[in-house]
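Biologist: Could you take me through this one slowly, please? I am still new to reading structures.

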Amino acid sequence: MTDTPDVRLGNWQAVGLVAGREIKLKVRSKAFIAVTGVTLVLLVGFSLLMKLISGGSDATVGLTGPTTALEQPLKATASTIGHTVDTRSVANEADGRAELAAGNLDALLVPSGDTFVVVVQQDLDGSLEDVFNVLAGQLAFNNAITDLGGDPSAVNETVARARVEVLPIEPPQEYDGQQLVIGMVAGVLIYMSLLLNGQMVATGVVEEKSSRVVELLLATIRPWQLMAGKVLGIGVIGLAQMAVIGGVGIGAALAFDVLTISLSTAVGTVVWLVVWFLLGFLVYSLLFAALAALVSRQEDVGGVITPPLMFVILGYVVGISVLPADPGNKLVETLSLIPVFSPTLMPMRLAMGGVPAWQAIMAVVLTIALIPALVWLSGRVYRNAVMRSGARVKLMDALKPV
Amino acid sequence: MGRRLEIDGVSKRYGDVVALREMTFDVRAGELFGFVGSNGAGKTTTMRIALGVLAADGGEVRWDGAPITPTTRRHIGYMPEERGLYPKMKVGEQLVYLARLHGLSPSAAERSVREWTERLGVAQRWDDEVQKLSLGNQQRVQLAAALVHNPLILVLDEPFSGLDPVAVDVMSTVLKDKARDGVPVVFSSHQLDLVERLCDRVGIVRNGQMVACDTVEALRAGGTTRLVVVAPQAEPGWADHLPNVTVREHDGARTVLELGEGADDQAVLRAALATGPVTEFSRHRQSLTELFRSVVTGEVAA
């Protein structure tokens with residue numbers, strides 16, 4: 001008689017074994033490595049690109065003779081209109097015209113009485129023209145003051161000090177342009193991540209069903225352990241991926257000085273991203289796992305997971321199309337509090353800033369409150385459907401108690 | 001004193017369809033038990049219930065006298081009728097994973113998988129994905145999956161289907177070895193000659209019920225005995241007057257008779273000799289196949 005070997009396996013030990021398999025396989029999968037790598041390269045490349053664009057000037061203007069004195073006023077005027085203008089002194093007008101022809105200059109200022117003339121190769125860029133018009137007006141203004149016996153600099157100072165005072169009844173939310181961009185990137189990341197990892201759960205469930213290995217697995221562990229292990233394993237790896245991508249992305253942007261937001265805001269963004277990935281992944285992967293258990297072939301997965309997938313896509317599309325132009329949009333604000341939309345909309349809003357604390361907390365609380373109900377529901381559907389291979393199991397049948 | 005696997009009064013219905021009706025039998029330690037019946041008779045359902053993959057509506061599965069639990073189920077080595085492994089997982093890794101799900105430690109699992117892949121001839125395929133293996137080798141891996149955790153009970157659904165003759169021999173040897181170790185082994189099969197050769201006892205199911213369950217010898221003895229008599233000068237009806245004897249066939253000189261209870265074969269011989277010379281007189285016991293056929297068609301209730 002053989003001795004009875006010890007075959008005890010704790011609940012969480014079983015879940016851990018299943019999760020371990022998922023993690024091991026996914027980390028080694030070429031698709032996973034490729035997606036992570038490409039995303040990282042894209043993010044770092046995007047930061048570099050932003051740096052190059054913001055670093056250069058919009059135009060180079062040649063100055064000659066007396067117009068060299070206009071260098072400071074020109075740059076100042078350009079910057080008030082939001083442009084960067086580089087200047088360069090040229091010896092005389094002829095040299096300047098040669099430089100224009102060579103394309104080294106965008107415009108050349110030559111003196112003409114009290115004012116100046118702009119020489120260009122073909123035509124003047126509209127925004128540069130605005131700069132020159134403002135500058136010309138300024139010069140005419142100064143000349144008129146001098147003619148009247150006044151001091152142009154004193155007058156200009158008085159003019160510059162005169163400002164309307166705005167008294168808002170409700171202080172508006174100031175949105176930082178950089179944070180809007182981060183919000184968009186956060187939206188894309190969380191959308192991609194929910195989509196990829198959620199579908200991974202669904203195809204994983206069907207793979208076990210279609211290869212029929214599920215019968216062998218369920219002869220040793222319980223259905224909930226198999227489902228929990230799968231969701232946990234894919235979740236852990238998705239989380240790590242999100243943290244790495246978010247961290248490297250923000251880090252690269254800060255390192256290249258593309259982002260000038262504070263470090264705490266940057267860290268806050270990544271933390272919220274991770275929190276919402278976790279919550280969103282739990283909500284959607286539970287739904288995906290349960291629905292995928294209804295079918296036995298990979299071809300049918302798309303059909304069953306489309307309804308919950310629509311919520312992910314809808315949230316993302318609404319957010320990405322409305323928020324950049326109107327970060328305080330009321331509809332988005334309301335939607336972002338509804339658990340099925342929160343995972344895509346809330347992280348975008350949070351990254352853009354200006355979310356009242358009560359809304360941020362309420363969205364988390366509502367989503368967390370939904371999770372136990374989903375666990376119960378999808379656990380039941382999964383348990384009832386996963387052993388029934390062949391035709392698609394009706395959701396209503398799978399919901400019935402055994 | 002061994003540990004028995006008992007299936008006691010297990011019932012199961014799917015909606016209006018009764019799959020199992022008070023299914024009862026036991027598999028004793030060290031015994032090879034053959035489970036036969038037509039398709040849809042309830043063999044797979046019974047095995048799935050024993051494994052806890054399906055829930056029974058009534059009845060009990062016991063091992064070693066106690067109701068089977070999720071933990072004691074880990075002692076079962078199972079081969080489902082629907083073969084299944086992860087197609088994209090490597091052979092070695094997959095078997096180690098399955099062994100660990102049965103509660104083995106990482107090192108014990110690895111050791112056991114090495115041993116079984118070696119023994120079943122798939123050791124050199126350790127690092128190959130299962131889907132790259134031939135069907136025969138996939139079957140061997142499947143068998144290894146049922147054995148790697150050193151099971152104390154073996155439940156195999158159609159283990160011989162789709163095997164080549166060499167693999168059939170390997171499988172037979174493994175099953176016999178396991179039984180010799182004191183493991184109760186139950187398997188279903190449609191290959192009745194194989195069941196007859198291998199099994200200590202056989203259970204025949206029909207419509208979700210066990211209709212015959214005994215040793216092959218006893219089953220055959222319990223069945224009818226036929227006599228084949230070749231008497232060239234015998235007229236048709238020569239044996240009609242014999243008590244408890246039915247003539248099944250009469251074809252020229254050859255007559256096949258069925259002996260009922262209490263029939264005297266010597267009286268048949270005397271009657272045959274009375275017609276003239278007898279060139280053949282043989283007793284013909286039912287084969288399992290014949291027995292099966294008569295049992296499942298409901299001709300004979302054993």
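Biologist: What does the rule find across the interface of chain A and chain B?

Modeller: Across that interface it finds six residue pairs in polar contact, both residues being at pLDDT 80 or more; such a contact is a pair of N or O atoms within 3.5 Å, where within protein one must be able to donate a hydrogen and the other to accept it, and residues adjacent in sequence count only if both atoms are side-chain atoms. The model is predicted, so local features need pLDDT of at least 70 and side-chain atom pairs count only at pLDDT 80 or more, while totals for chains, interfaces and linings use all residues. Residues are numbered from 1 along each chain as its sequence is written, chains are lettered from A and ligands numbered from 1 in the order in which they are written, and side-chain values use heavy atoms, with hydrogens and water left out.

Biologist: Which helices of chain A supply at least two residues to the side that touches chain B?

Modeller: Those are helix H1 (11-28), helix H7 (177-210) and helix H8 (213-218), where a helix is a DSSP run (H or I) of at least four residues, numbered from the N terminus.

Biologist: And how many salt bridges are there between the two chains?

Modeller: The count between chain A and chain B is four, a salt bridge being a side-chain nitrogen of Lys or Arg within 4 Å of a carboxyl oxygen of Asp or Glu. The side chains of A:Arg28 and B:Glu93 meet in a salt bridge, at 2.5 Å from N to O.

Biologist: What is the count over all chains?

Modeller: By this rule it comes to 31 salt bridges. One within chain A joins A:Glu93 to A:Arg97, with the closest N and O atoms 2.9 Å apart. These two residues lie four apart in helix H4 (residues 93-102) of chain A, so about one helical turn separates them.

Biologist: Back to the interface, how many residues are in contact?

Modeller: On chain A 29 residues are in contact with 33 residues of chain B, contact meaning heavy atoms within 4.5 Å.
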